[in-house]
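Visitor: I am new to this structure. Please take one part of it and go through that part closely.

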Amino acid sequence: RFHPGVDFQIEEDHVLLNGKAGKMVLIPITQHPFQIKRDKHASQMVNATQKFRWIDYFDVEIQSTNQETLVAHLILPFDDHQELERLLASKTIETLKGGHLRISFSCDGQLYEYRFKKTKSGFILE
């Protein structure tokens, strides 16, 4: 669940975030089908004289049949729709030997790759 605190627009496989200082894109990366859904929940300050207010959020719902589901999120500056389409087409998440993880994507013609070592307490960026 993400509470971005700025205006956002949900697309099929990413979310555009529009803030005062610029635009960002949030891109889920997973090996499973997913949907991005918008909702809101009520919030009230501890002071009982305050009224309820509604807080917008979105979440990524993953349809997994595995016991363990991996999902990563890229959050990057955004201003070019064509470059965004290339980035979306290039994103990958891969489970490596030993359960380690590799996430990669291309942006502005450059390949970015991140490897995570699986440990008893979770994944650690190598």
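Guide: What follows is a close look at one glutamate and the strands beside its contacts. This is a predicted model, in which local features need pLDDT of at least 70, side-chain atom pairs count only at pLDDT 80 or more, and totals for chains, interfaces and linings use all residues. Residues are numbered from 1 along each chain as its sequence is written, and side-chain values use heavy atoms, with hydrogens and water left out.

Glutamate 83 is part of helix H1, residues 81-90 (helices are DSSP runs of H or I with at least four residues, strands are runs of E with at least two, and both are numbered from the N terminus). Its relative accessible area is 12%, so it counts as buried, which means under 20% with a 1.4 Å probe and protein chains only. Beyond its neighbours within four places in sequence, glutamate 83 is in contact (heavy atoms within 4.5 Å) with Ser106, Cys107, Asp108 and Gly109. A polar atom of the glutamate 83 side chain lies 2.5 Å from the backbone nitrogen of aspartate 108.

Aspartate 108 sits in the turn of a hairpin, with a positive phi of about 50°. That hairpin is formed by S8 and S9, with 2 residues between them. Strand S8 covers residues 101-107 and strand S9 residues 110-119, and the two pair antiparallel over 7 bridges (pairing requires at least two bridges found by DSSP). Along this pairing, arginine 102 is opposite arginine 115 in S9.

S9 also runs antiparallel to strand S10, residues 122-125, through 4 bridges. Here lysine 117 has isoleucine 124 in S10 as its bridge partner. A hairpin of 2 residues links S9 to S10.

Technical notes:
Buried means under 20% relative accessible area, exposed over 50%, partly exposed in between (1.4 Å probe, protein chains only). A polar contact is a pair of N or O atoms within 3.5 Å; within protein, one must be able to donate a hydrogen and the other to accept it, and residues adjacent in sequence count only if both atoms are side-chain atoms.
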